[in-house]
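Hi,

Here's the structure I said I'd pass along. Have a look at it first, and my notes on the side chains follow below.

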Amino acid sequence: LDIRTPEETQFFTGNLPGHLAIPLAQLFDHEQLAKLPTDRPIVVMCLSGTRATAAATALRSIGFEDTYVLKGGFKGLVGYLGPKEANKPLGPATAAR
């Protein structure tokens, strides 16, 4: 779950399997909450992890108990996978990292 703003995701967006982009400002709207899975874990991502921590805490408090934060956010993902890999779908080579 990518909660960055549309401006933040305009050029650099995550493409992990099951990627869902809902800006934090809209996340707690009823129609947006209805998009969240209830049958599998939710990993929340922002740019650095600060907003994701707050969002994950709030989501857990309203019943999405299987919710986690991507440590380091999108910056951490870029540092781990590299900028090109972080912006394209994961394939066999990067999925195993």
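Let me start with Arg-51: this residue is partly exposed, with a relative accessible area of 27%. Its side chain meets that of Glu-8 in a salt bridge, 2.8 Å from N to O. Glu-8 sits in helix 1 (residues 6–9) and Arg-51 in helix 4, so the pair ties together parts that are 43 residues apart in sequence. Glu-8 is partly exposed too, at 24% relative accessible area. Bear in mind that this is a predicted model.

The count of salt bridges comes to three. Another one joins Asp-2 and Arg-4, at 2.7 Å from N to O. Asp-2 is buried, with a relative accessible area of 1%, and Arg-4 is buried as well, at 3%. Arg-4 also lies over the face of Phe-74, 4.2 Å from the ring centre. Then there's Asp-39 with Arg-40, where the closest N and O atoms are 3.6 Å apart; Asp-39 is exposed at 64%, while Arg-40 is partly exposed at 46%.

On to the nonpolar side. The largest core has 14 residues, and Leu-1, Ile-3, Leu-27, Leu-36, Val-44 and Leu-59 touch the most other members. Strand 1 (42–44) and helix 4 (50–61) are the elements that give two or more residues to this core, with helix 4 supplying the largest share, four residues. A second, separate core of five residues includes Met-45, Phe-74, Leu-77 and Ala-86.

As for aromatic pairs, the count is zero.

Cheers

Terms used:
Residues are numbered from 1 along each chain as its sequence is written. This is a predicted model: local features need pLDDT of at least 70, side-chain atom pairs count only at pLDDT 80 or more; totals for chains, interfaces and linings use all residues. Side-chain values use heavy atoms; hydrogens and water are left out. Rings of Phe, Tyr and Trp (its six-membered ring) pair if their centres lie within 6.5 Å; planes under 30 degrees apart count as stacked, over 60 as edge-to-face and the rest as tilted. A charge sits over a ring if NZ of Lys or CZ of Arg is within 6 Å of the ring centre and within 35 degrees of the ring normal. A nonpolar core is a set of buried Ala, Val, Leu, Ile, Met, Phe, Trp, Tyr and Cys residues joined through side-chain atoms within 4.5 Å. Buried means under 20% relative accessible area, exposed over 50%, partly exposed in between (1.4 Å probe, protein chains only). A salt bridge is a side-chain nitrogen of Lys or Arg within 4 Å of a carboxyl oxygen of Asp or Glu.
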